[in-house]
Amino acid sequence: MGKSTFPVDDFDVAVVGAGPAGTAAALALAHLGAKVALVGPPPKAGSARPETRTAALLTSSVDFLKRLKVWETLAPHAAPLKAIRIVDASRSLLRSPDIAFEARELGLEAFGYNVANTVLNEALYARAQEAVAQVIPESVAAIDIGDRAAELSLNGGRTLTARLVAGADGRQSVCREAAGIESSVWRYDQAAIAASFRHTIPHDGVSTEMHRERGSVTTVPTPDPLTSSLIWVGASAEIDTLMGLDDGDFAAHLQDRLGDTLGAVSDAGPRASFPVAGLTAKQLAANRTALIGEAAHILPPIGAQGLNLGLRDAAALADCVDGALRQGHDPGGLAVLAAYVRARHLDVTSRAIGVDLLNRSLLTGLLPVQAARGMVLAGLNAFAPLRRLVMRAGLAPPARLPSLMRP
């Protein structure tokens, strides 16, 4: 394995951003032998509101976390996703049939596992403090990219150099801007609420997506059989109104939306809201910089694609850097950046287009669009081989999985 010949504050890779995708990237790169610095405020730093969101980790992401020696910590806090049920709760004349995707149809115990974001972030960060060369809990103030390396100036006054910058610093990415990579951003006049709630009928490991005009309500199992996490997507004005309700009135509205799906609803809250938007970087890599996670792509919260996509970014970048170091090549050189783009382009593009089209199909009142959506779901409901094909496509990228994600 090739090793860096740079001094103490010089690294093969500086990963900027200590969220789950960035921290997983730092762990993956270190696991494969790179000298890595993970730079960014630790989980929950600077946050004034409680974290209410959860992460639905698909099987390949779980396999990845096992290889990184993180899953053992997470497993006691994870709930298996045994089935996904899609319900058309719209008032359309052309309502789609209800459909259930069951993991057992693919010979799996579960499609993946649902874990609280706080638990995931803390487990990853704790592991990084054990396994990554340096974990630096500071923000990056500026990045100067040169011919042989990038120089990172930190808010505390320290300076680092790295041959590759892995930008995992979110939608307002300093790394993306420093590399001169443009992005496309769009909004849907939608927002979402993340919360949890109790119910009287056990969830039995089933996640339910109830699609309605302007959005959806998705319930996701937690380890408690009588508690589920919630993502409620709706028009921005509707979400603002719901956020202004007291806990009792919010639970009553949720009960009205869910009907008797999970029995009587109670103990809803605390709640957090966020805008629904999309972002794609026009290049995934350039100028000694590879973008990961929300620095590269942001999708509406549909189908558990966002974080899983970012974890595949992390694992793919580790493969590309590993190949370069083994051959004594520059980990931030053009060949590595091009290999990363090739590895990730089809997966990122297909997921971004697919999720955007599905979300827009919920926003339109056009009967031809509603009819087409209904026909697709009816076909999936009727033909098991087609349903299994779609389930496999949802679980894995169109290209080969990165090495650390293979069972």
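How many bridges join strand S12 (residues 183-199) to S15? I come to that in point 2, after a word on the model.

1. Model and confidence. This is a predicted model, in which local features need pLDDT of at least 70, side-chain atom pairs count only at pLDDT 80 or more, and totals for chains, interfaces and linings use all residues. Residues are numbered from 1 along each chain as its sequence is written, and side-chain values use heavy atoms, leaving out hydrogens and water. The mean pLDDT (the predictor's confidence in each residue, from 0 to 100) of the protein chain is 86, and 83% of its residues reach 70 or more. Please read residues 363-371 with care: the pLDDT there is below 50, and the stretch has 11 contacts beyond near neighbours in sequence, a contact being heavy atoms within 4.5 Å. Over residues 382-387 the pLDDT also stays under 50, with nine contacts beyond four places in sequence.

2. Strand S15. Nine bridges join S12 to S15, and the two run antiparallel. Strands here are DSSP runs of E of at least two residues, helices are runs of H or I of at least four, both numbered from the N terminus, and two strands pair if DSSP finds at least two bridges between them. Ala 194 stands opposite Ile 231 in S15. Strand S14 (residues 215-221) pairs with S15 in the antiparallel sense over six bridges, and a hairpin of five residues joins S14 to S15. Nine of the nine residues of S15 (residues 227-235) are buried, so this strand is largely enclosed by the rest of the structure; buried means under 20% relative accessible area, exposed over 50%, and partly exposed in between (1.4 Å probe, protein chains only).

3. Ser 228. This residue sits in S15, where Ser 228 is the bridge partner of Pro 221. Its relative accessibility of 1% makes Ser 228 buried. The Ser 228 side chain makes a polar contact with the side chain of His 199 (2.8 Å); such a contact is a pair of N or O atoms within 3.5 Å where, within protein, one must be able to donate a hydrogen and the other to accept it, and residues adjacent in sequence count only if both atoms are side-chain atoms. Leaving aside neighbours within four places in sequence, the contacts of Ser 228 include His 203, Thr 219 and Leu 262.

4. The three-stranded sheet. Here the open sheet has the order S3-S7-S4, with antiparallel pairing. Strands S3 (54-58) and S4 (79-81) stand at the edges with a single partner strand each, so one side of each has no neighbour in the sheet. S4 and S7 (residues 112-116) are joined by three bridges, and Leu 81 stands opposite Gly 112 in S7.

5. Salt bridges. The structure holds 13 salt bridges, each a side-chain nitrogen of Lys or Arg within 4 Å of a carboxyl oxygen of Asp or Glu. One of them joins Arg 158 to Asp 9, with the closest N and O atoms 2.8 Å apart. Arg 158 lies in the loop between S10 (150-154) and S11 (159-167) and Asp 9 in the segment before S1 (10-16), so the pair ties together parts 149 residues apart in sequence.

6. Helix H8. Arg 344 forms a salt bridge with Asp 313, the closest N and O atoms being 2.6 Å apart. Arg 344 is in helix H9 (residues 334-363) and Asp 313 in helix H8, 31 residues apart; both are buried. Arg 312, Asp 313, Arg 344 and Asp 347 are linked in a network of salt bridges.
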